[in-house]
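I opened this notebook to record what I looked up in one structure. The entries follow the order of my reading.

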Amino acid sequence: MAQTSSNNGGTDEVLVEESGSVRTFILNRPKLLNALSFHMISRLTELFYASEVDPNVKMIILKGHGRAFCAGGDVSLFFRNLVSILNGIVMGGGAGASIHGRFRVATEKSVFAMPETDLGHFPDVGASYFLSRLPGFFGEYAGLTGSRLDGAEMLACGLATHFVSSDKLPLLEQALVKVNTSDPDAISAIISCFSHIPNLKEESPCHKMKIINHCFSQRTIEEIISALVRLGDGWSFDESEALDKKDEWISSTIQSLKKASPTSLKISLRSIREGRLQGVGSCLVREYQMACHVLRGEFSKDVLEGYRAIFIDRDRNPKWEPSRLELIRDDDVDRYFSKIDDEDWEDLKLPPRLDLPRYAIAKL
């Protein structure tokens with residue numbers, strides 16, 4: 001197997017292995033959990049474009065070095081046969097780099113989360129597309145609360161397509177690099193030889209789908225919280241199923257919502273709801289527009305406060321402004337979904353091939 005590396009600022013942040021018709025790209029920034037730097041995004045873009053136009057490349061394997069796949073950054077990657085090995089932390093840019101691909105292999109070490117509402121931001125990198133296509137209203141739950149999901153839960157809800165024990169990954173990769181095919185069924189069959197369906201832990205949110213669908217289908221954040229509070233007080237929407245008044249999952253879910261940025265919660269819910277009716281390209285364009293509004297801070301500067309509290313001062317005590325949901329009006333939310341009032345600003349322009357990629361549609 002031939003190996004080359006990309007030199008970005010003196011460090012090899014993206015490693016490349018070539019074997020026949022397979023290219024393996026390795027995110028190599030382990031001390032920072034493979035969070036994507038500008039150089040890494042530029043290099044990955046270059047590599048994916050080159051692979052797209054090279055008829056000799058039939059498959060890409062994407063993985064991370066160390067205990068994370070990728071825990072941050074902003075990128076969405078597409079390739080006709082992308083196999084992402086999610087053996088570790090998958091957050092933010094890690095989701096954008098993998099979830100839009102055809103094959104997503106989780107392990108017992110996988111940890112997925114979209115924690116943006118805790119940072120004063122919103123789930124982007126196409127998250128409004130893939131979260132809105134999870135079963136029922138599980139996407140609203142995951143996107144609003146930032147709940148961490150393990151590999152078994154990723155498989156159960158559709159974020160992963162296969163589950164392979166981490167000790168079998170070397171054998172899986174060996175089998176994949178030996179194949180000389182672009183047939184997705186053949187590739188899937190190879191992965192399936194090493195995969196199995198794991199058991200969900202007893203306290204998994206995947207066992208709470210009735211509650212999630214009832215509460216997170218509500219029209220507003222306020223109504224979602226009210227529905228959860230009623231259930232926490234012992235009210236049952238299903239007379240055949242009595243609820244424990246001390247349900248810890250309900251309590252922790254309410255607390256997750258109450259500690260998040262109120263502005264982020266409102267724009268995130270609307271984003272996911274709009275994503276249900278849009279293709280992945282339209283979601284990416286809209287999310288770029290929303291991100292520009294967030295960074296301009298014209299209504300709220302919560303994203304700066306969130307990063308201060310989590311990454312700079314690390315007091316984990318952000319002071320959100322506006323501080324309460326009721327202080328945010330519908331027209332305040334509307335502005336995040338409007339064009340930027342700047343004659344020099346332009347919408348995100350996607351390559352024509354990303355309009356409606358078949359492999360990005362409904363492997364979820």
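The entries below cover the basis of the model, its record, its salt bridges, its surface patches and its backbone.

**Entry 1. Basis.** I noted that this is a predicted model, in which local features need pLDDT of at least 70, side-chain atom pairs count only at pLDDT 80 or more, and totals for chains, interfaces and linings use all residues. Residues are numbered from 1 along each chain as its sequence is written, and side-chain values use heavy atoms, with hydrogens and water left out.

**Entry 2. The record.** I looked up the UniProt entry, which is unreviewed, and found residues 23-78 and 81-337 listed for "domain: Enoyl-CoA hydratase/isomerase". UniProt positions are given in the numbering used here, feature names are shortened, and annotations may be inferred rather than shown by experiment. I then examined residues 23-78: the chain there is 29% helix and 25% strand, and the end C-alpha atoms are 14 Å apart. Helices (H or I, at least four residues) and strands (E, at least two) are DSSP runs, numbered from the N terminus.

**Entry 3. Salt bridges.** I took a salt bridge to be a side-chain nitrogen of Lys or Arg within 4 Å of a carboxyl oxygen of Asp or Glu. By this rule I recorded 22 salt bridges.

I looked at the pair Asp 150 and Lys 201, whose side chains meet in a salt bridge at 3.8 Å, N to O. Asp 150 lies in strand E10 (residues 149-150) and Lys 201 in the loop between helix H7 (184-194) and helix H8 (209-216), so this pair ties together parts that are 51 residues apart in sequence. For burial I used these classes: buried is under 20% relative accessible area, exposed is over 50%, and partly exposed is in between (1.4 Å probe, protein chains only). Asp 150 counts as partly exposed at 23%, and Lys 201 counts as partly exposed at 34%.

I next noted the salt bridge between the side chains of Arg 219 and Glu 223, at 4.0 Å, N to O. Arg 219 is exposed, with 62% relative accessibility, while Glu 223 is partly exposed, with 31%.

Is Asp 332 buried or exposed? I found Asp 332 to be buried, at 3% relative accessibility, and its side chain meets that of Arg 329 in a salt bridge (3.3 Å, N to O). I also recorded a network of salt bridges that links Arg 270, Glu 274, Arg 286 and Asp 334.

**Entry 4. Surface patches.** Patches are made of residues with over 30% relative accessible area and no salt bridge; like charges are joined within 9 Å, and nonpolar side chains (Val, Leu, Ile, Met, Phe, Trp, Tyr) within 5 Å. Accessible areas come from the Shrake-Rupley method with a 1.4 Å probe, and for residues only the protein chains shown count as cover. Lys and Arg count as positive and Asp and Glu as negative, whereas His and the chain ends are not counted. The place of a charge is taken as NZ of Lys, CZ of Arg, CG of Asp or CD of Glu.

Which residues gather in a patch of negative charge on the surface? I listed Asp 341, Asp 342, Glu 343, Asp 344 and Glu 346. Asp 341 is found in the segment after helix H14 (330-334) and is exposed, at 76% relative accessibility.

A patch of positive charge on the surface holds Arg 148, Lys 259, Arg 314 and Arg 316. I placed Arg 148 in the loop between helix H4 (138-145) and E10, where Arg 148 is exposed at 61%.

I found a nonpolar patch on the surface formed by Tyr 307, Phe 311 and Ile 312, with about 330 Å² of accessible area together. Phe 311 belongs to helix H13 (residues 302-312) and is partly exposed, at 47%.

**Entry 5. A contrast in helix H7.** Phe 194 lies in helix H7 and is buried, with a relative accessible area of 18%. Phe 194 and Val 164 are 30 residues apart in sequence, yet 6.0 Å apart in space, C-alpha to C-alpha.

**Entry 6. Backbone.** Most residues other than glycine have a negative phi, and most peptide bonds are trans. I therefore marked the departures from this pattern.

Leu 33 is not a glycine but has a positive phi of about 55°. Leu 33 sits in the loop between strand E3 (22-27) and helix H1 (38-53) and is partly exposed, at 22%. Asn 34, in the loop between E3 and H1, has a positive phi of about 60° and is buried, at 0%.
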